[in-house]
Amino acid sequence: MIEPAIPVSAWSPAEIVELANSTDEREWVPTAREGVWIRPLLFDTVRGAWVNVTRMRTTGFISRHAHPAPVHGYVIKGQWHYLERDWVATEGGYVFEPPGDTHTLIADPGESLTLFWITGCLIEVDEFGTPTGFADVFTRIEQAAKHYEAVGLGADYVNRFVR
Ligand code: FE
């Protein structure tokens, strides 16, 4: 191993190097919507944000939600769209969801994989825009920990993604 010329600060959190499209099925956290999984990459507890790959192997309605804070997305594979928009997020595409955005995610046929960097929280809403639930970095950590416990990796497995 080569000694680094510039020492890394002892205060710097540990880096994360993970395969986005994990081949270990246990790392994919199932969601309330059948045919949709979340693969955690980073749970940022200081900024209040998280990065995950969303895998959809179903077609049609997935989720209607509002974002009070920005979201960045990159489509690794496949495609999907928002009911309220006339564009389609396609393979290789970048999507910026600005603060204040509300949309209904629709899965198009075929498997899709999208890397999302979600800040703040995601507020689930009904067809009238009334909040029905929410997700933030902490609910996502709890959801993942519970899943990893259930598949035998142990709840502590989630720590590899927590900073
Ligand atoms: Fe969204």
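Which residues does V158 touch, not counting residues up to four places away in sequence? In this predicted model, V158 touches F43, I141, A144, A145 and Y148.

## Nonpolar cores

V158 and two of these partners, F43 and Y148, are listed with M56 and W80 as the residues with the most contacts inside the largest nonpolar core. That core has 24 residues. At least two residues each come from the strands β2, β3 (49–56), β5 (71–77), β6 (79–82), β9 (101–107) and β10 (112–119), and from the helix α1. The biggest contribution is that of α1, with five residues.

A separate core lies apart from the largest one and has five residues. Its members include L41, V51, V53 and L113. In soluble globular proteins, nonpolar side chains tend to be buried together.

## Annotated domain

UniProt, in an unreviewed entry, lists residues 21–120 as "domain: ChrR-like cupin". In the model, the chain over residues 21–120 is 60% strand and 0% helix.

## Largest pocket

The largest pocket has a volume of about 480 Å³. It is lined by 25 residues, and those closest to its centre are I38, S63, L122, E124 and R140. By class, the lining consists of 13 nonpolar, eight polar and four charged residues.

Several elements each supply at least two residues of this lining: β2, β3, β4 (60–67), β10, β11 (121–125), β12 (131–136) and α1. The largest share comes from β4, which gives four residues.

## Largest cavity

How many cavities of 30 Å³ or more does the count give? The count comes to one. The space in the largest cavity is about 40 Å³, and its lining is made up of V29, I38, P40, F43, R140, Q143 and A144. Two elements give two or more residues to that lining, namely β2 (36–44) and α1 (137–150). Five of the lining residues are nonpolar, one is polar and one is charged.

Is E27 buried or exposed? E27 has 5% relative accessibility and therefore counts as buried, the cut-off for buried being under 20%. E27 is placed in the segment before β1 (29–30). Beyond residues up to four places away in sequence, E27 touches E18, S22, I38, R39, P40, Y148, Y157, R160 and F161.

E91, by contrast, counts as exposed because its relative accessibility is 53%, with exposed set at over 50%. E91 sits in the loop between β7 (88–90) and β8 (94–97). Leaving aside neighbours within four places in sequence, E91 is in contact with V75, I76, K77 and G78. From E91 to K77 the C-alpha to C-alpha separation is 4.9 Å, although the two residues are 14 residues apart in sequence.

How values were computed: Residues are numbered from 1 along each chain as its sequence is written. This is a predicted model: local features need pLDDT of at least 70, side-chain atom pairs count only at pLDDT 80 or more; totals for chains, interfaces and linings use all residues. Side-chain values use heavy atoms; hydrogens and water are left out. On a 1 Å grid over the protein atoms alone, a cavity is a set of points where a 1.4 Å probe fits but cannot get out, and a pocket is an open set with protein on both sides within 12 Å along at least five of seven lines; lining residues have an atom within 4 Å of a point. Grid points are joined across faces, edges and corners, and a volume is the space filled by probe spheres set on the points. Ala, Val, Leu, Ile, Met, Phe, Trp, Tyr, Cys and Pro count as nonpolar, Asp, Glu, Lys and Arg as charged, and the others, Gly among them, as polar. UniProt positions are given in the numbering used here, feature names are shortened, and annotations may be inferred rather than shown by experiment. A nonpolar core is a set of buried Ala, Val, Leu, Ile, Met, Phe, Trp, Tyr and Cys residues joined through side-chain atoms within 4.5 Å. Buried means under 20% relative accessible area, exposed over 50%, partly exposed in between (1.4 Å probe, protein chains only). Contact means heavy atoms within 4.5 Å.
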